[in-house]
Amino acid sequence: MRLEVKNGEFAYENGKILFDKVCFAVEKGEILTILGPNGVGKTTLLKCTTSLLRWKKGITLIDHRPLEELKTSDVWKKIGYVPQNRGTVFSYTVLDMVLLGRAPYLSLLAMPGKRDVKIARDALETVGAAYLEEKRCSEISGGEMQMVLIARALASEPQTLILDEPESHLDFKNQLLILEVLQKIAREKEISCIINTHFPTHALQISDKTLMLGKDRRHVFGPTSKVITEDNLKKYFDVNVKIVPFDNEGTIMKTVVPLAS
Amino acid sequence: MQRTSLRTNDIKKINKLGMLVLILVPLIGFFISLCLGRYWVDPGTAFNILMTHLFPTDVLGTSIEESVIMQIRLPRIILAMLVGAGLAVSGAAFQGLFGNPLVSPHILGVSAGAGFGAALGILISGKVLYVQVLAIGFGTLAVIITYMISRQKTGTPLFMLVLSGVITGAFFTALISLIKYVADPEEVLPAIVYWLMGSMAGASYDDLLIGVPMILVGIIALLLMRWRINVLSLNEEEAQSLGINVQRSRWLVIMASTLITSAAVSLCGIVGWIGLVIPHIGRMLVGPDHRILLPTSCSIGAVYLLVIDNIARTATAAEIPLSILTAIVGAPFFAYLLRKTGGKWS
């Protein structure tokens, strides 16, 4: 599936424009990262893209068709959304939580059946969290819960996954696990991913394309290596950085080292 | 692989056993209650009487036992069980819908509205039919008012709904006080006060004709939507991102619950406590999954109100109002459970 945003614009009710003329596109199996300082509207952009919020101007295209032309439940069969983890009131079991991802396929009075349970289990397997199945969501760690939320989105068998800061509040190891899972989902299952992140290094590691948002409605979109540069990071984040390539057993990797603001 | 399948089988077995208990306990409670009362009927006789009415083979003479069981106890038991089940299941549904375990079916002002309708009915005529129709009418009206206050262009956020419900509830509660204030203190006022505290005394089949079908429809609707309530219990955007029409599903649950609560108030006054506490006891037993929680709440609610009503009609010569008993019996019991579990069940 190709997902494209053309001239996306969002404004608050008082008329203040948060961002405008935003264009980007992801092809099947690609990873797009969205970078930007706090408050430039990264989460809002994701919500507009998925129709959780309305564009003021502009349009989201799914395989060249406007998203509004699709039935709501059909949109959510194609797009899986992983919100920032805020916890839940009721501590369902992990399997029950992932089963909720089947909702786009089930009518008002329907119950998930054997096939839905199998798909939910497969989704847990994909993110490597099958061992959690019978645990309650209140008993597992933040990193595990993030995996469960990704599995829930996968259970709707989407072609594009949209994730809002999936690795933000996690420790070192769990951040790495999330990145690996996302790469696996994109490469093996050919599900494209759009990811909000606060970490330029993560973007360099996993993404094909990057959209960088800045203050005063500035933005730049392109291949990750062209967008994440020392110049752009200075311009958009107001931080002096060095991008340091290094050799990791034959593969050249890059890391971003902040120097001074 | 083998271990997994064994485990799922075990769970299925437990589920089947649990379901059996959920059905059997209310049935046993129902039967015992038929025998129970100032006039004790031994179980054998009670069973025979019930059977001859269920499968009328030959016409029996009308004994005292028969009229006590068929005319006095049976309608009252049906009423108690249905109202208990209805309030408990709509409480469980509301707690899921609002994602808040402190919510009860009264939150949107339906009980205050229905209470006002009933008080008005008692004031102007005292006929059961008027009381019932006005109670149901004003209960529904209260929820419609709540809806109109809370409505916004893009749909209704939950906190708006709750606040609007509080406003509507306060308004109708004041109107109830106004009616009490103008009512004749010799006869009408005690009737209103006593009625609002909840009672099943004097329930007859004729009285059940309007309310019972409404409660049944409401219960069935909620039970059918019980998995959808799991989805609704997530926060609004998450639920939306799972491809469901959040606003429509939410209002369907609210409508079903309004049907139950206004009918319950129209039949036996405002019975508090059940809708708030029974769902918690349900979660303690079976966990928060509404697919299991809703039927469980139904069963526990039915048994609970049946027990309470049995106490109300047998403990003393004068009937004790239900609202007093539900809390006096229920509060210590719930306090004990809360202490024992530390509240770690939701």
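Predicted model: local features only at pLDDT ≥ 70, side-chain atom pairs only at ≥ 80, totals over all residues.
Beyond residues up to four places away in sequence, S262(B) touches V110(B), A114(B), I136(B), G139(B), T140(B) and M214(B). The residue belongs to helix 11 of chain B. S262(B) has a relative accessibility of 1% and therefore counts as buried. Display its side chain as well: that side chain reaches the backbone oxygen of T258(B) at 2.8 Å.

**Within chain B**

Next, select R76(B) and D309(B). These two residues form a salt bridge, with their closest N and O atoms 2.8 Å apart. The pair links distant parts of the chain, since R76(B) sits in helix 3 of chain B and D309(B) in helix 13 of chain B, 233 residues apart. Both R76(B) and D309(B) are buried.

Is D289(B) buried or exposed? Its relative accessibility is 6%, so D289(B) counts as buried. R291(B) has a relative accessible area of 19%; the cut-off for buried is under 20%, and R291(B) is therefore buried.

**The interface of chains A and B**

Now show both chains and select the residues where they meet. The contact takes 35 residues from chain B and 32 residues from chain A. W227(B), E237(B) and L242(B) deserve a selection of their own: together they supply 22% of the area that chain B buries against chain A, more than any other three residues. Between the two chains, about 2,900 Å² is buried, and carbon and sulfur atoms give 62% of this area.

Which polar features cross the interface? There are 8 residue pairs in polar contact, both residues being at pLDDT 80 or more. Several helices of chain B each supply at least two residues to the side that touches chain A, among them helix 1 (2–35), helix 3 (64–97) and helix 11 (246–268). Select helix 9 of chain B in particular, which gives the largest share of that side, 5 residues. The residues of the side of chain B that touches chain A divide into 12 nonpolar, 15 polar and 8 charged.

The salt bridges between chain B and chain A number 3, while the count over all chains is 21. For one of those between the chains, select E237(B) and K47(A), whose side chains meet at 2.8 Å, N to O. The pair crosses from helix 10 of chain B, which holds E237(B), to helix 1 (residues 42–50) of chain A, which holds K47(A). With 22% relative accessibility, E237(B) counts as partly exposed, whereas K47(A), at 13%, counts as buried.

**Within chain A**

Continue into chain A and select L70(A), which lies in the loop between strand 5 (65–66) and helix 2 (72–78). At 17% relative accessibility, L70(A) counts as buried. Leaving aside neighbours within four places in sequence, L70(A) is in contact with I62(A), R65(A), V75(A) and K78(A).

Select R2(A), E4(A) and E27(A) next, which are linked in a network of salt bridges.

Finally, colour chain A by pLDDT. The mean for chain A is 93, and 100% of its residues reach 70 or more. Which elements of chain A have the lowest and the highest mean pLDDT? Strand 12 (residues 251–260) has the lowest, 89, and strand 3 (residues 31–35) the highest, 97.

How values were computed. Residues numbered from 1 in each chain as written. Chains lettered and ligands numbered in written order. Heavy atoms only, no water. Contact = heavy atoms within 4.5 Å. Buried area = accessible area lost by both parts, 1.4 Å probe. Salt bridge = Lys/Arg side-chain N within 4 Å of Asp/Glu carboxyl O. Polar contact = N/O pair within 3.5 Å; in protein donor to acceptor, adjacent residues only side chain to side chain. Helix = DSSP H or I, 4+ residues; strand = E, 2+ residues; numbered from the N terminus. Nonpolar A, V, L, I, M, F, W, Y, C, P; charged D, E, K, R; others polar. Buried < 20%, exposed > 50% of the residue type's maximum accessible area, 1.4 Å probe, protein only. pLDDT = per-residue confidence, 0-100.
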